[in-house]
Amino acid sequence: MEHISTSRCYAGEQQVWRHESSSTGTPMTFAIYIPDHEDGTRLPVIWWLSGLTCTHENAMIKCEYKRACAEHGIIFVCPDTSPRGEGVANHDDYDFGQGAGFYVNATQEPWSPHFQMRSYVEDELPALVAANFPVDMDRQGISGHSMGGHGALTVSLRNPGRFRSTSAFAPIVSPLNCPWGDKALSGYLGDNRAAWREYDSVALIEDGARIENVLVDQGTADEWLEGQLKTHLFENAVRDAGMQAEIRMQEGYDHSYFFVSTFISDHVAWHAAKLKD
Ligand SMILES: N[C@@H](CCC(=O)N[C@@H](CSC=O)C(=O)NCC(=O)O)C(=O)O
């Protein structure tokens, strides 16, 4: 791993690292916040998945998780949202290609050689972080924003028992039922929509997946609520499945990191309560 930077922030360090990924076949950069701790101690971890156009940096700069993570003694990891580089397929649109990996393993050319973000965030990065940082892998939570909220919900639903807590901000709850999902998944996975179901939180619940301790915050003034995010589909799926999830409609908040940063301390505290010994 290549060390990029370390900056002291609150009672801890914000670090950035780069490594060669076997999943994507490219260098991948991630941010990790590590609260001060005694030698030999292992800390709980929250994995954060970011949204369209983001790198590892957007959440690190705008999400304001560091004070709460220092206070609760929680490591916070922010990966990139896709492979990048000149030899990597791309598209001019902000919602497809580099910066828009949708946390799937692409099966279609030209995306499949590098767009293997499911394997990256589900397997490779956790193993790398567990081997090199003081994380307690028995105490994991996951969260994310928008495309990353979709990532957090679907990774958790596919891996019941791995995460003690799952939260999301303004998640895309059903790529099968929105233009962002339609465009990305038809490109990465092809036209067989049955293959999309493992990347759709609503479909995963309909198909029997269940997780505990779920918190979703959604702004009522979010410009994408009706056309893309469709929180009600998740609410309906949860209700029909008899699953528990706290879904909070936050009056007047839009889709931006202004919204995320307003509620991130709540989320970190909520995760912390579930991630105690
Ligand atoms: N106007 C933006 C559109 C992209 C955008 O808003 N991206 C959001 C996530 S949307 C769903 O995944 C985001 O987090 N942006 C990064 C940020 O720092 O705000 C554009 O065209 O770039």
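Here are legends for a few views of this predicted model.

**View 1. The whole chain.** Residues are numbered from 1 along each chain as its sequence is written. Because this is a predicted model, local features need pLDDT of at least 70, side-chain atom pairs count only at pLDDT 80 or more, and totals for chains, interfaces and linings use all residues.

**View 2. Around the ligand.** Which residues surround the ligand? Among them are Gly51, Asn58, Lys62, Tyr94, His145 and Tyr257, where near means that the C-beta atom, placed from the backbone, lies within 6 Å. The shell divides into five nonpolar, six polar and one charged residue. Here Ala, Val, Leu, Ile, Met, Phe, Trp, Tyr, Cys and Pro count as nonpolar, Asp, Glu, Lys and Arg as charged, and the others, Gly among them, as polar.

**View 3. Strand S7, tucked inside.** Five of the five residues of S7 (residues 165–169) are buried, so this strand is largely enclosed by the rest of the structure. Ser165, Ser167 and Phe169 point one way, while Thr166 and Ala168 point the other.

**View 4. S7 and its partner.** Strand S6 (residues 135–144) pairs with S7 in the parallel sense over two bridges; pairing takes at least two DSSP bridges. Glycine 141 has serine 165 of S7 as its bridge partner.

Note on methods. A residue is buried if 20 or more other C-beta atoms lie within 10 Å of its own, exposed if 12 or fewer, and partly exposed in between; C-beta atoms are placed from the backbone. Helices (H or I, at least four residues) and strands (E, at least two) are DSSP runs, numbered from the N terminus.
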